[in-house]
Amino acid sequence: MANIILVILFGIIAAISLVIGGIIFYHFKKFNLPHDILSAKILTLFKLGSVAIIFMAFFFLILLFIL
Amino acid sequence: MITLRKNEEILLIKRRHHFILIRALLLTTLVFLALVLLMIILFFVSFEFPDWITNIFPFLLGYRTRLLALYLISLALLIIWQVAFIAVATYYLDCWIVTTERTIHTELRSLFSRILSSVPHHRIQDVTVDVKGILPTLLRYGDLQIQTAGKFHEFIFKEIPDPYKTKEIIFKAQKMYFRRKMKQRENIPEEKVANN
């Protein structure tokens, strides 16, 4: 039961993060200035950070089940 | 993407002062760093849940406490990362652009609410600068309000750096705009003017 809760918790938080990320990307693409290099860097940093943290959480979740 | 008209050039882009972003991110950054520090400590130091917690939640005995704590902290980091970037997006996408033709205002009010409006230079009647408080005075940031003719969206450049300089640039842009329009009228042949 507790395992299911941990998995659901991960799923919900990861899904919300992806939705928020998608919305932020939409706003940047739709309403940004043309040829804006800094916004591209901001989006890359956000994307990489989100992916890294999601993978880290998933890694710890898998370790919780294995060990 | 904000698209410019033909022959329209950007003269100035203003966003809020950097201090506003730092202020918005300060608490988030501190919490993020504290959690990262806690994760690093957990890598080297093991701990067990106290008995009173395992008495209430016996299922916790089935988990390695260190791993569980690391997992929960990484989820918290993810939430804080999103919160931080919403603040960054709100700061970065709130901007005021002065072009050769108009002044554009774009503002992200929330994730599902945004404004994009523009006022042509010939509608600008007056520009007022408002610098209130110790920090705005020391850091030289403040509000700049454009008073317009007609029913235009209220144009306030909020918490921008160097508002007095911005005011001068807007007036210069307006002068250049009127000069250009006058030159265009002078170039129109007389028959066309008569027919119109």
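Contact here means heavy atoms within 4.5 Å. Keep in mind that this is a predicted model.

**Stop 1: the two chains together**

Color chain A and chain B separately. How many residues does the contact take from chain A and from chain B? It takes 37 residues from chain A and 37 residues from chain B. Between them, the two chains bury about 3400 Å². Carbon and sulfur atoms carry 80% of that area. Now select Phe31(A), Leu33(A) and Phe60(A). In chain A, these three lose the most area to chain B, together 20% of what that side buries.

**Stop 2: polar links across the interface**

Next, look for polar links. Seven residue pairs are in polar contact across the interface of chain A and chain B, both residues at pLDDT 80 or more. Now show chain A as a cartoon. Helix 1 (2–31) and helix 2 (37–66) of chain A each supply at least two residues of the side that touches chain B. Helix 1 of chain A gives the largest share of that side, 17 residues. By type, the residues of this side of chain A divide into 26 nonpolar, eight polar and three charged.

**Stop 3: the salt bridge**

The count between chain A and chain B is one salt bridge. Which residues form it? Select Arg15(B) and Asp36(A): they are the pair, with the closest N and O atoms 3.9 Å apart.

**Stop 4: around Arg15(B)**

Stay on Arg15(B) and zoom in. Arg15(B) lies in strand 1 (residues 10–15) of chain B. Is Arg15(B) buried or exposed? Its relative accessibility is 16%, so Arg15(B) counts as buried. Show its contacts beyond four places in sequence. On the chain A side they include Asn32(A), Leu33(A) and Asp36(A). Within chain B, Tyr91(B), Tyr92(B), Asp94(B) and Trp96(B) are among them. The side chain of Arg15(B) also reaches the backbone oxygen of Tyr92(B) at 2.7 Å. Arg15(B) and Phe59(B) are 44 residues apart in sequence and 51 Å apart in space, C-alpha to C-alpha.

**Stop 5: Asp94(B)**

Last, select Asp94(B), one of the residues in contact with Arg15(B). Asp94(B) lies in the loop between helix 3 (65–93) and strand 2 (95–99) of chain B. With a relative accessible area of 3%, Asp94(B) is buried. Its side chain reaches the backbone nitrogen of Leu108(B) at 2.6 Å. Beyond four places in sequence, Asp94(B) touches residues including Lys14(B), Arg16(B), Thr106(B) and Glu107(B).

Notes:
Residues are numbered from 1 along each chain as its sequence is written. Chains are lettered from A and ligands numbered from 1 in the order in which they are written. This is a predicted model: local features need pLDDT of at least 70, side-chain atom pairs count only at pLDDT 80 or more; totals for chains, interfaces and linings use all residues. Side-chain values use heavy atoms; hydrogens and water are left out. Buried area is the accessible area (1.4 Å probe) that two parts lose on being put together, summed over both. A salt bridge is a side-chain nitrogen of Lys or Arg within 4 Å of a carboxyl oxygen of Asp or Glu. A polar contact is a pair of N or O atoms within 3.5 Å; within protein, one must be able to donate a hydrogen and the other to accept it, and residues adjacent in sequence count only if both atoms are side-chain atoms. Helices (H or I, at least four residues) and strands (E, at least two) are DSSP runs, numbered from the N terminus. Ala, Val, Leu, Ile, Met, Phe, Trp, Tyr, Cys and Pro count as nonpolar, Asp, Glu, Lys and Arg as charged, and the others, Gly among them, as polar. Buried means under 20% relative accessible area, exposed over 50%, partly exposed in between (1.4 Å probe, protein chains only).
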